[in-house]
Amino acid sequence: MSFLALSPAHADRQKQAQKAFTDAQYIVTHYRDTLDNEKLFEADRLIESAWRDLKHFYGTTTALSSDLALIRARSASSRKDKARVTEAWQTALSLQPANLPAARRLSLNIAAANATGTAGDVQSSTRYFAAARTYAFSRDKDAKELQLRLRLQELKLVGASFPWRKLNDNLLDMRNFSEGFAMWTLPRLDALLGEAELRLSLEPEKDHKRNNLADLKAKIILLTKGMEGNIPPNYIERVRNFYYAIEDYYDL
């Protein structure tokens, strides 16, 4: 037996390394499926410590690394610290297996987009949304509808940080894209309502804003009448809220 094996310092390091691996196993077992922000917030320091120790002793190539990195990204997101959130999601996505199914990559990029956008990292959020729309192509049946939803979700999350000219161009692009759907369908209504809600809250208060809102109201009225009552309750509520707002503030 070598002197190294008998060294107290070496034995102590082995114990520390084993504890790091055991702690990482505990975190992965107990938090792999946790999406509850409150629980992740409470466990954040424990999760970060487990990640730091596992990385110190084993690097980032263990069987636990990808799962632990993803849990860490979620817990970091509960704190909404821009730098931590950005780094944690970048690390987590980079450690996912190369053969990860496209549907899983899609959901992870959406999660990363929402987390970084909420934390204020618009550039990263926009990049993750773009990646998610790319992965949406793998969904043959509903790819275009999913791409539309992702674009609308992105604009609602980070659109306020865009210069108005850029946001306006994006809204017009989204409307043009939505016109590829059949006339009396929810994607068409979702796009019009999304544009209406964004213009109502973000378009500068100039003369043409009232005209734009009036035009959208006319389009929404036409579309909802054509759908003949086949509108989900949450969409009906959004339509009514838009009507109430433009009636109260723009006399439309």
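## Helix 4

Helices here are DSSP runs of H or I with at least four residues, numbered from the N terminus. The model is predicted: local features need pLDDT of at least 70, side-chain atom pairs count only at pLDDT 80 or more, and totals for chains, interfaces and linings use all residues. Residues are numbered from 1 along each chain as its sequence is written, and side-chain values use heavy atoms, without hydrogens and water.

From first to last C-alpha, helix 4 reaches 21 Å, close to the 21 Å expected at 1.5 Å a residue (1.5 Å times one less than the number of residues).

## Packing against helix 3

Helix 3 (residues 37-58) packs on helix 4 (residues 65-79) at about 135°, with the axes 8 Å apart. The two helices are therefore oblique (under 35 degrees is roughly parallel, over 145 roughly antiparallel, 65 to 115 roughly perpendicular, the rest oblique). Contributors to the contact (heavy atoms within 4.5 Å) include Leu-40, Phe-41 and Trp-51 of helix 3 and Leu-68, Ile-71 and Arg-72 of helix 4. The contact residues comprise 10 nonpolar, four polar and six charged.

## Phe-177

Phe-177 lies in helix 9 (residues 164-178) and is partly exposed, at 33% relative accessibility. Beyond its neighbours within four places in sequence, Phe-177 contacts Lys-144, Gln-147 and Leu-148.

Conventions:
Axes fitted to C-alpha atoms, helices over the stretch in contact; angles between N-to-C directions. Nonpolar A, V, L, I, M, F, W, Y, C, P; charged D, E, K, R; others polar. Buried < 20%, exposed > 50% of the residue type's maximum accessible area, 1.4 Å probe, protein only.
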